[in-house]
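Subject: Structure handover

Hi,

Here is the structure for you to look over. My notes on its pockets and ligand follow.

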Amino acid sequence: MKDLINIQWMENVDSTNDQAKRELENLSDLTVIAAVSQTAGRGQRGNSWLTRPGENLTFSLVVKFSEGNFGPLGAKRNFEITQAAALGVCEYLDTEGIFCKIKWPNDIYVGNRKICGMLIENSLEGGSVMSSVIGIGLNVNQEDFPPELLNPTSMRLVTGKSFSLKPELEKLCRHIQRKLMLIQSSGDSLVDEYSSRLFRLGVFNTFVDCADGVPFVGKITGVSESGRLILETQKGELKEFSFKEISFVI
Ligand code: BTN
């Protein structure tokens with residue numbers, strides 16, 4: 001596979017996602033903006049992403065559809081971007097001997113601990129995804145974390161080894177690129193691979209209904225085409241949930 005990704009390193013930025021969105025027009029169809037340090041890293045659900053400067057990977061991979069190496073992608077297929085990014089990270093971690101799972105929709109877990117988070121921001125126009133900014137925070141060399149983070153881990157904590165960030169980013173991006181190219185070839189769906197890699201697949205787990213804070217139990221059976229989580233209730237009914245509707249209890 002040809003290496004198509006152009007990686008730009010910055011010493012310091014507010015958020016690589018915000019930087020990528022500001023620079024979007026000038027970027028090629030597959031570009032990575034990586035930062036040694038972020039002053040306003042953003043996470044999911046409006047949270048901040050806090051990480052020690054120089055110890056971890058914080059970057060945004062920009063994909064422009066209908067340009068260069070990428071054909072058009074209908075807006076209804078936007079969850080395939082999440083699948084490609086999550087599976088690319090998992091495949092890279094596999095090569096480092098780190099066994100991981102995808103905590104729906106796009107956290108990467110080793111055992112019960114989070115090693116990587118993603119903030120994927122798509123821009124849609126006329127029923128198509130025009131571009132996607134895939135923001136990834138991967139804990140690499142950090143060994144201690146602030147107590148407010150519930151269950152973090154890092155590649156160093158899992159393997160006992162330290163890693164050199166720049167070469168690791170190049171390897172990781174190649175895996176994500178490969179998975180992104182697969183979304184383009186029709187019939188090569190990633191959904192089965194994604195579903196089989198889900199954290200706590202096939203076991204009953206407690207979730208919280210975000211509307212009323214009430215906990216309930218459900219068994220993960222997979223995801224729908226649009227990326228909704230399919231849970232089997234204790235009565236054997238199948239129900240679908242969007243990311244904003246429920247949260248996991250780990
Ligand atoms: C989460 O799990 O809450 C998502 C975390 C995403 C963090 C990354 S770090 C690089 C990119 N820039 C940001 O501001 N956020 C993402």
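The lining of the second largest pocket has 9 nonpolar, 8 polar and 4 charged residues. For these classes, Ala, Val, Leu, Ile, Met, Phe, Trp, Tyr, Cys and Pro count as nonpolar, Asp, Glu, Lys and Arg as charged, and the others, Gly among them, as polar. This is a predicted model: local features need pLDDT of at least 70, side-chain atom pairs count only at pLDDT 80 or more, and totals for chains, interfaces and linings use all residues. Residues are numbered from 1 along each chain as its sequence is written, and side-chain values use heavy atoms, with hydrogens and water left out.

That second pocket has a volume of about 590 Å³. Its lining comprises 21 residues, with Asn78, Thr82, Pro105, Ile120 and Phe243 nearest the centre. Helix H2 (79–95) and E7 each give two or more residues to this lining. E7 has the largest share, 6 residues. (Helices, H or I of at least four residues, and strands, E of at least two, are DSSP runs numbered from the N terminus.)

A pocket here is an open set of points on a 1 Å grid over the protein atoms alone, where a 1.4 Å probe fits, with protein on both sides within 12 Å along at least five of seven lines; lining residues have an atom within 4 Å of a point. Points are joined across faces, edges and corners, and a volume is the space filled by probe spheres set on them.

Now the largest pocket. Its volume is about 1000 Å³. It is lined by 41 residues, and Gln44, Asn47, Trp49, Asp107 and Lys114 lie nearest its centre. E7 again gives the most, with 4 residues. The classes are 18 nonpolar, 17 polar and 6 charged.

The ligand sits in the largest pocket, meaning that more than half of its atoms lie within 2 Å of the pocket's grid points. Around the ligand are 20 residues (a heavy atom within 4 Å), of which Ser15, Gln38, Arg42, Gln44 and Lys114 come nearest. By class, this shell has 5 nonpolar, 12 polar and 3 charged residues.

- Serine 15: a side-chain N or O atom is 2.7 Å from a ligand oxygen.
- Threonine 16: a side-chain N or O atom is 3.0 Å from a ligand nitrogen.
- Arginine 42: a backbone N or O atom is 2.7 Å from a ligand nitrogen.

Alone, the ligand exposes 420 Å², and the protein buries 97% of that (Shrake-Rupley method, 1.4 Å probe).

Best wishes

Definitions and conventions: Polar contact = N/O pair within 3.5 Å; in protein donor to acceptor, adjacent residues only side chain to side chain.
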